[in-house]
Amino acid sequence: MFDLTLGQVCEIVGGKLTGDPSIRLSGISIDSRKTNTGDLFAAIIGDRVDGHDFIEQASNSGVTAFLTSREVSGNQVLVPPSPDALDPVIHAIAKLSAHVRALMSGVEVIGVTGSSGKTSTKDMIGQVLASAGVTHAPAGSLNNELGLPLTLLSAPLDTKYLVAEMGMRGLGHITHLCSLAKPTIGVVTNVGQAHIGEVGSIEAIAKAKSELVMAIPATGFVILNADDERVVAMHTLTEATVLTFGFSNTADIRAENLQLTSSGSYNFDLVCGGERIPTSIPILGEHNVINALAAAAVGLAAGMKAKDIAN
């Protein structure tokens with residue numbers, strides 16, 4: 001995270017400061033068991049645990065400043081009330097992440113969404129891009145209104161590529177996440193039945209996923225699954241450069257001559273940009289070939305060569 005003082009944090013989140021405004025902060029933590037000296041401990045109130053109850057434990061770990069929604073002892077920023085049901089500290093973390101994102105220059109932010117395969121695709125994108133520059137793609141599914149801001153805030157200062165997974169619980173959710181992350185490359189893996197209970201129909205799910213596509217600037221890239229008709233139809237919603245991936249012979253980046261090995265992994269030809277490169281993935285499941293193609297498309301969008309992506 002970019003170094004900030006506690007006073008700057010207070011100004012960014014619109015809170016009330018108690019203590020020393022000159023304390024310098026180099027990270028953020030929401031778990032008192034996983035803190036580092038220089039962290040700002042954010043006391044989130046969850047369904048089962050209240051972070052304020054762990055202020056003392058965080059202090060014993062070297063934390064000297066806290067982000068809170070009620071007054072505690074020590075150096076703290078007391079955040080303003082929440083405008084909705086979401087914990088006010090989570091809203092404050094989002095404000096901090098948007099500020100830090102605005103400080104990032106020359107960073108490609110890759111947003112990944114879809115009904116399934118987001119995390120695997122995010123991980124593969126991270127592995128591909130890591131050979132081209134410092135890449136930040138945290139493990140796990142940090143894809144909601146807390147996880148995505150934490151992804152932004154935990155990025156090393158020399159990050160060149162940041163891969164942000166984006167989930168949704170309803171319309172407007174991905175739009176909000178995009179307002180924080182400002183993605184320059186967007187990937188939509190598929191549209192399926194997941195979350196149909198929240199939005200009511202698969203058409204509404206497609207609309208929610210398309211919010212990522214519409215957030216990509218005209219100078220960016222949109223990466224779409226050519227094998228999913230609801231996804232590939234999203235190409236009409238953007239002025240960005242569109243690249244498609246899949247098994248379809250219409251896909252810009254595709255897999256041909258797919259072969260299942262005796263170990264359950266796959267060999268295939270990576271076909272893109274007029275090149276055909278034999279490659280393989282040491283992972284089970286044909287669906288992971290599709291995820292690998294999405295990662296390859298991101299690599300091409302980032303300026304990598306096909307042979308380096310295959311390697």
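Modeller: Let us start with residue classes: Ala, Val, Leu, Ile, Met, Phe, Trp, Tyr, Cys and Pro count as nonpolar, Asp, Glu, Lys and Arg as charged, and the others, Gly among them, as polar. This is a predicted model, in which local features need pLDDT of at least 70 and side-chain atom pairs count only at pLDDT 80 or more, while totals for chains, interfaces and linings use all residues. Residues are numbered from 1 along each chain as its sequence is written, and side-chain values use heavy atoms, with hydrogens and water left out.

Colleague: What volume does the largest pocket have, and which classes make up its lining?

Modeller: Rolling a probe the size of a water molecule over the atoms shows where empty space is left. On a 1 Å grid over the protein atoms alone, a pocket is an open set of points with protein on both sides within 12 Å along at least five of seven lines, a cavity is a set where a 1.4 Å probe fits but cannot get out, and lining residues have an atom within 4 Å of a point. Points are joined across faces, edges and corners, and a volume is the space filled by probe spheres set on them. Here the largest pocket has a volume of about 380 Å³, and its lining has twelve nonpolar, six polar and two charged residues. Helix and strand names follow DSSP runs (helices H or I, at least four residues; strands E, at least two), numbered from the N terminus; α4 gives the largest share of this lining, five residues.

Colleague: Which residues line the largest cavity?

Modeller: The lining consists of Lys 122, Pro 138, Gly 140, Leu 142, Thr 151, Val 163, Ala 164 and Glu 165, and strand β10 (residues 161–165) gives the most, with three residues. The volume of this cavity is about 30 Å³.

Colleague: Where does β10 stand in the sheet order?

Modeller: Two strands pair if DSSP finds at least two bridges between them. The open sheet of nine strands runs β9-β10-β8-β11-β12-β13-β14-β15-β16, with mixed pairing. At the edges, β9 (135–136) and β16 (275–281) each have a single partner strand, so one side of each is left without a neighbour in the sheet.

Colleague: Is Asn 291 buried or exposed?

Modeller: Buried means under 20% relative accessible area, exposed over 50%, and partly exposed in between (1.4 Å probe, protein chains only). Asn 291, in helix α10 (residues 287–301), counts as buried at 7% relative accessibility.
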